[in-house]
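Here is a short briefing on one protein chain. Look over the fold and its charged side chains before reading on.

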Amino acid sequence: MERRGRDPGRHSPANNDSDTAVQETSNDAAVSRESAARLGYIDDPWIAAFVKNPQRRAPLINRGTYSRFHGIQSALRRFVEAIQHPQHPSAQGGSSSPVGQVVVFGAGMDTSYFLLPSDQRAAVRFFEIDFPDITARKASTIWRKRTLRSLLPADTTVAAGGTELHADAFNLLAADLRDFESAVVPKLRDRGFDSSRPTLFISECVLIYLDPEHSDAILDWITQNVPNAGIITYEQILPDDRFGQMMIENLRSRGLVLRGLHAYPTLESTAQRFLSRGWHSARAVDLADYHDSCVEPSEHERLSRIELLDEWEEFRLLARHYAFTFACTSDSHP
């Protein structure tokens, strides 16, 4: 059987440089998140542990980071609260074991697991996946920080030469998403992934860095194997206007290529990506509309008191080029 997700010449120096550049985006995201947390935009007391050199980001970046954080965390909380509801089929039966699953692609220094209240952490089996260099740094930080380590399940162990953390309800796994079926899926299953459980997949600026054949293979596997799945993605869109072209050039100057951008360049195409595979529902919204329509008015008032945002036109232009896509494989997904 052909091994899916393997690039010819994948380990050439050029490709290794590209992989390194992609991995460095996890640090950029952590620095932005720490800036937003330190200033009070978001409530994340854990992100500072993963940032060695904090920087204060510009107001428009902080506002964008807030909107991104709000969207992802809201989707995660809704999912966990739904499976905890007494009327949800997965919550019935009185079992104390996790009833749902969360899989974070390219998790980087994401702190979502630690931000969940203890009862919500107990309701899900959490899986994080990233390159070994990233997971090794994250595992080391978590293990050394007593406050973080205390939030891990009691059965947590360090594994795979320090690149992974294993527990029944939390697993940090080192793998390359381009080898999804041959490498990622076996690791997930070995650590207790149950395809029959309601599962939320989270992908923040991850699938777009993969060639469409690789990201599509991941979605195809979910379609064929996880009947009660949901996903939230956060990715760039609109590559063909002037701002989009500038965005692409700026990223290229850092060695970054958005390999999936032209395959799914619009809100409509990102939603259709799931609907064409037979998913029950999919909708996409750009960050500007999400900020205006999904963030509570009281939050807008609170944010305006943190720091003045003069560059509203620039913020909206930037935010129009990022989008959330929410999709579910069935109407029974939380």
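The points below cover the overall fold, the salt bridges and a surface patch.

This is a predicted model, in which local features need pLDDT of at least 70, side-chain atom pairs count only at pLDDT 80 or more, and totals for chains, interfaces and linings use all residues. Residues are numbered from 1 along each chain as its sequence is written, and side-chain values use heavy atoms, without hydrogens and water.

**Overall fold**
- The chain has 13 helices and nine strands (DSSP runs: H or I of at least four residues for helices, E of at least two for strands, numbered from the N terminus).
- Of the 334 residues, 55% are buried (buried is under 20% relative accessible area, exposed over 50%, partly exposed in between; 1.4 Å probe, protein chains only).
- The C-alpha atoms fill a box of roughly 50 × 50 × 40 Å along the principal axes.

**Salt bridges**
- The whole structure holds 20 salt bridges (a side-chain nitrogen of Lys or Arg within 4 Å of a carboxyl oxygen of Asp or Glu).
- E34 pairs with R38, with closest N and O atoms 2.8 Å apart. Both lie in helix α1, four residues apart. E34 is buried at 6% relative accessible area, while R38 is partly exposed at 44%.
- R178 and D176 form a salt bridge at 2.8 Å, N to O. Both are buried.
- R273 and D216 form a salt bridge at 3.0 Å, N to O. R273 sits in helix α10 and D216 in helix α8, so the pair ties together parts 57 residues apart in sequence. Salt bridges with shared partners join D216, D220, R273 and R277 into one network.

**Exposed loop residue**
- K52 lies in the loop between α1 (13–39) and α2 (59–84). K52 is exposed, at 74% relative accessible area.
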